[in-house]
Amino acid sequence: MKAFRSLTGRVAVLDRSDVDTDQIVAKQALGRIDRTGFGQFLFYDWRFDFDGTPRPEFELNNPAFAGARILLAGRNFGCGSSREHAPWALQDYGFDVVIAPSFGDIFRSNCGKIGLVTIELDAAEVKRLMELVDLDRGSDMEVDLEAKTITDPRGRVIPFEYDEATRHRLLNGLDEIGLALQHEDEIAAYEASHPGPVATTAIR
Amino acid sequence: MPRTLFEKIWESHVVHEEPGEPALLYVDLHLVHEVTSPQAFDGLRLAGRRVRRPDRTLATMDHNVPTDGGPVTDPLARAQLEALARNCSDFGVPIYATGSGREGIVHVIGPELGLTQPGMTIVCGDSHASTHGAFGALAFPIGTSEVEHVLATQCLPQRKPKTMKIEITGRLRLGITPKDVILGTIGRLGVSGGVGHLIEYAGEVVRGLSMEGRMTICNMSIEAGARAGMIAPDDTTFAYMEGRPAAPRGSAREQALDRWRALASDEGAVYERVVEIDVDGLQPQVTWGTTPGMVVPVDGRVPDPSDFDDVDEQAAAARALEYMALEPGTPIADIRIDRVFIGSCTNSRIEDLRLAAAVLDGKKVNPRVRVLVVPGSATVKRQAEEEGLDRIFKEAGCEWREAGCSMCLGMNPDVLMPGERCASTSNRNFEGRQGRGGRTHLVSPPMAAAAAVAGHFVDVRELDPIGA
Ligand code: SF4
């Protein structure tokens, strides 16, 4: 996983609550066996008409959001399914950070695994940030995971909380599986003392 | 210290723990399917890792298999199914492929094979892994990175969730199903009401439910935003387990029973939150919007966005009504439907099919409506056919299909056309869930069957006072 320390980038606004993973990534993406190329399917049904033409009324199609790397979203963002294809699509489209009042649990955990930073802020603070974004010319913000701060378009610094273990991993780009395998002796010892309820899943 | 069911399972599965860090939790059973696993197996290959415990891993094909018995024509689906078969053979993982006679929806086959057992930790790269919690297992969904993690280590770093007890009290009226109970509960809690929590369902109503009913309830815990749902095992659980292929037998069963009996939450165990749901007056539930929490009783009406206090909820309701093409104030019973889907890991087991068949017996599906009945597994299908349920469905004018996820998620040929409206026994009514532009109303199996006959929503107890 690539490390994340800080970033200054364009902000996009999607002020909708309960945006579910079925919306975030279109189904046609779920059939893929590759790990790349999911960005084209991000919010597909909202971004495009049935014939594939972009729908100008959809928020992310605003030219002022072009190249956005930070997404400001509504509460319970990423609710619904455990499909990691949703974080993959956000990341592949170009987002490195999503800021919302709250997130779906599994979605947030999945984001943490791939280095997509999810920041929870007070709902009023998120609304205020949304209002600061210039919908005609676009706005930039800074997100600093090391200092745990956001700098809004007017230069005000907002602190945020972040899960320490995940932050440590993200800052250093650590492979979680490698970390777990450092405890291989303990895993083996656990297995030796817990033969397990089922002998094997290969049932005859 | 008295402990909850959850705490007992959690504590007995911690492999490694450090203050402030997530615990490394051992996984007893890992269920794998074609959609969320290919990138995980590729990750193993890239890192030169093996599957640590293929004997604790089981794969099946369910999400994108066609249910008409025909070949897989979609090239993407075919590539994914072939990848799963190849990955399983490369890494030595047992698989129930299409045609094996044991294939089916991953959350249906685990329990029916007896693999799902009380006290286990179970994970699956699918949201509805919570279904297995009905057996008093700690079962939760994981993403693809975590699938890879479990394949490689048989462990998962996890932070302890908060616990919530939902005490379901009162008496279920005739014709009210577990699906109505859980839809009503989500309506009360809201779709983010369970975030960060693990739910334990308790109370007299839960004790009275069959294992299949309990599975329906635990299945939809995710729709309340919870990490997982679980129910303490009891004699109903133990009776269900008996004689299943992977369940313990003889003296092993006696020992298992001792362990399983000790799992129930202790008297005085503490939960972070306790919610009581009284089901005394509960009516059959029908969702009207695009989240499972947007739900009303069948004798209710489509709400007006202005009925909601919170501005975000008003905006969400207005958007949902637009997508669903519904006017505020419309009686639910006036909503006409085009399609009916009876299936999914929520409601595709034998009891669900029996309830639907009881309503359809001797009746005809409304000629405007197309009905798909999709058993959850090849085993369920065989049993239904032995009981003659397939004949009832076919004579009523339904299509009787092969096992799979089918129209639950629109990833296989079973999809809604844009604008089509469907009464569905599945678990998600998100925009486009069953096909782009499709409109989904979640209901119980008997309510879906009743809508199939009437062509619109109707209280199943009015349609069929005896059969319900
Ligand atoms: S039936 Fe639906 S919810 Fe259940 S596993 Fe299949 S796709 Fe997921």
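Here's a quick tour of a two-chain interface and a ligand site.

Okay, so keep in mind that this is a predicted model.

Let's start where the chains meet. On one side, 65 residues of chain A are in contact with 81 residues of chain B. If you're looking at chain A's share, check out A:Ile33, A:Thr201 and A:Ile203: they supply 12% of what chain A buries against chain B, more than any other three residues.

What about charges? We get 10 salt bridges between chain A and chain B. One to look at is A:Lys113 with B:Glu146, whose side chains meet at 3.9 Å, N to O.

Now, the ligand. Where does it sit? The space it takes is the largest cavity. The residues around it include B:His63, B:His107, B:Asp126, B:His128, B:Cys345 and B:Arg433. And how does that shell divide up? Five nonpolar, five polar and two charged.

Note on methods:
Residues are numbered from 1 along each chain as its sequence is written. Chains are lettered from A and ligands numbered from 1 in the order in which they are written. This is a predicted model: local features need pLDDT of at least 70, side-chain atom pairs count only at pLDDT 80 or more; totals for chains, interfaces and linings use all residues. Side-chain values use heavy atoms; hydrogens and water are left out. A residue is near a molecule or strand if one of its heavy atoms lies within 4 Å of it. On a 1 Å grid over the protein atoms alone, a cavity is a set of points where a 1.4 Å probe fits but cannot get out, and a pocket is an open set with protein on both sides within 12 Å along at least five of seven lines; lining residues have an atom within 4 Å of a point. A molecule sits in a cavity or pocket if more than half of its atoms lie within 2 Å of its grid points. Ala, Val, Leu, Ile, Met, Phe, Trp, Tyr, Cys and Pro count as nonpolar, Asp, Glu, Lys and Arg as charged, and the others, Gly among them, as polar. Contact means heavy atoms within 4.5 Å. Buried area is the accessible area (1.4 Å probe) that two parts lose on being put together, summed over both. A salt bridge is a side-chain nitrogen of Lys or Arg within 4 Å of a carboxyl oxygen of Asp or Glu.
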